[in-house]
Amino acid sequence: MISFEIPEKITNELQMAKMVAESIMRQYSRYYDEHEHERPVEYINMMWPIMREQYKRSTAKLQENGNGSGPKKKKDGPDMGIMRLIMMIEMLSWGDAGQYLCTPDPALGGAAVNAVGTREQKIRVLGKFGEGEPKWGAMAMTEPGAGSDTSNIRTNAVLDEETNEWVLNGEKIFCTNGGLALDESNGFVVVWATIDASAGRAGMKSFIVEAGAPGVTVAKREHKLGIRVSDTVSIIFENARIPADNILGSAEVVKRDGSTKGFKGAMATFDASRPAVAASAMGICRAALEFTRAKLKEEGIEVDYTKPKNQMTAMERDLLEMEARHKAAWLLTVRSIALMAHGKPNRLEASMCKARAGETVTWVTQKAVELLGPMGYTREWLTEKWMRDAKINDIYEGTKQINTLIVARSILGYSRRELK
Ligand SMILES: Cc1cc2nc3c(=O)[nH]c(=O)nc-3n(C[C@H](O)[C@H](O)[C@H](O)COP(=O)(O)OP(=O)(O)OC[C@H]3O[C@@H](n4cnc5c(N)ncnc54)[C@H](O)[C@@H]3O)c2cc1C
């Protein structure tokens, strides 16, 4: 049995996150939307000491006890840290999803290191986040010719045995926090590259590229529809050199009837990152829902839950539908995280909640703009911004279509080849 009750400790921490969301993120939401590529320094400066302390503690723990890879089922119950993280992401995204993405932490790069990295790699790479100035981590998988179909990745890595370094060549695009990680801090990016293009996914490996690595250039900063404060860049690797032990997982290529050792690392990362994206989507969704409900209430429009649906006005029915879709997507998200916290597989649920949350936030925020009339469309209110911010949740960490495909394959028992 999985309990959905939130422990008191997390509830208290959420109150603090709510304060940050209200007093900092919401206050600067419009400013950073209109000043793309400026950094949300108020939020970053507020969050860094908290993140630094957290990583200082977790690194010390790792140094004392040792730790393997992947989520662990602990003897004394579920891993509440994962649940806490997801609740925090929801709350901070309720404040402002773009600013939340600028949180100084290892982010997706950290998820990859945690999923498949060695203890030494975790201490070396994530330990940096427990000291000094703000830092960022990122993950670079997408390329001009490889988005949904990651088997097309062309960035390659070759081991130079003389210098004991990997030499990387290629281009990554749309990397969240890539500029912050490599140009503006002493951070790192986890880069997916092939060490054997003929092996397809089995040849794919991930590499830790740290700030200052020679041959790495942040080339372009994107102008975007939503989450405009979030840093999105392309990165060029021209004979970029990194130490041999910066590979995550084994350098061996194992071809076994379509099985893909290297790619398993990416999948393990997605099991954790997709629920996180879903939680962020749910934060925006709740923001739009609460605002719409409050504004309609001012006009005397409220849902009377005792009334049958056919006696409600169209607006009341819409509001009810927004609430229902939000609740369904949130429960799917919590379920996928609860499984993970209990050390159980959650791949199906991670894709389910990601697909549903992306679709839901897109629909709910559009409805909010629609129900609030012209004011919902103006820049005086944040509804139009939430609508723009929402759409990314349908795109990154696997589009809705790709996650739906994963769900279908899993339920119907089809392989990647049988259903694509
Ligand atoms: C703001 C932003 C931030 C991002 N951050 C990162 C990041 O940090 N790291 C990173 O690696 N990437 C990042 N991405 C890239 C993102 O993950 C990709 O855009 C996404 O995976 C889709 O790939 P694509 O753009 O190449 O689209 P394509 O794969 O070309 O897809 C185009 C359309 O076709 C659909 N489609 C594709 N294949 C199928 C299929 N088999 N069946 C049905 N429909 C299909 C897709 O769902 C989509 O609707 C980011 C993107 C954006 C916009």
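Q: Where is the place of Leu101?
A: Leu101 is in helix H3, residues 80-101. A helix here is a DSSP run of H or I with at least four residues, numbered from the N terminus. The model is predicted: local features need pLDDT of at least 70, side-chain atom pairs count only at pLDDT 80 or more, and totals for chains, interfaces and linings use all residues. Residues are numbered from 1 along each chain as its sequence is written, and side-chain values use heavy atoms, without hydrogens and water.

Q: Why does Leu101 count as buried?
A: Buried means under 20% relative accessible area, exposed over 50%, partly exposed in between (1.4 Å probe, protein chains only). Leu101 has 14% relative accessibility, so Leu101 counts as buried.

Q: Which residues is Leu101 in contact with, leaving aside neighbours within four places in sequence?
A: Asn177, Ile227, Ser230 and Tyr396. Contact means heavy atoms within 4.5 Å.

Q: What lines the largest cavity?
A: A cavity is a set of points on a 1 Å grid over the protein atoms alone where a 1.4 Å probe fits but cannot get out; lining residues have an atom within 4 Å of a point. Ser151, Ile153, Arg154, Thr194, Asp196, Ala197, Gly200 and Met204 line the largest cavity.

Q: How many residues of each class are in that lining of the largest cavity?
A: Three are nonpolar, three polar and two charged. Ala, Val, Leu, Ile, Met, Phe, Trp, Tyr, Cys and Pro count as nonpolar, Asp, Glu, Lys and Arg as charged, and the others, Gly among them, as polar.

Q: What lines the second largest cavity?
A: His37, Arg39, Arg221, Arg228, Val229, Ser230, Asp231 and Thr232. By class, one is nonpolar, three are polar and four are charged.

Conventions
Helix = DSSP H or I, 4+ residues; strand = E, 2+ residues; numbered from the N terminus. 1 Å grid on protein atoms, 1.4 Å probe; cavity = no way out; pocket = protein on both sides within 12 Å on 5 of 7 lines; lining within 4 Å.
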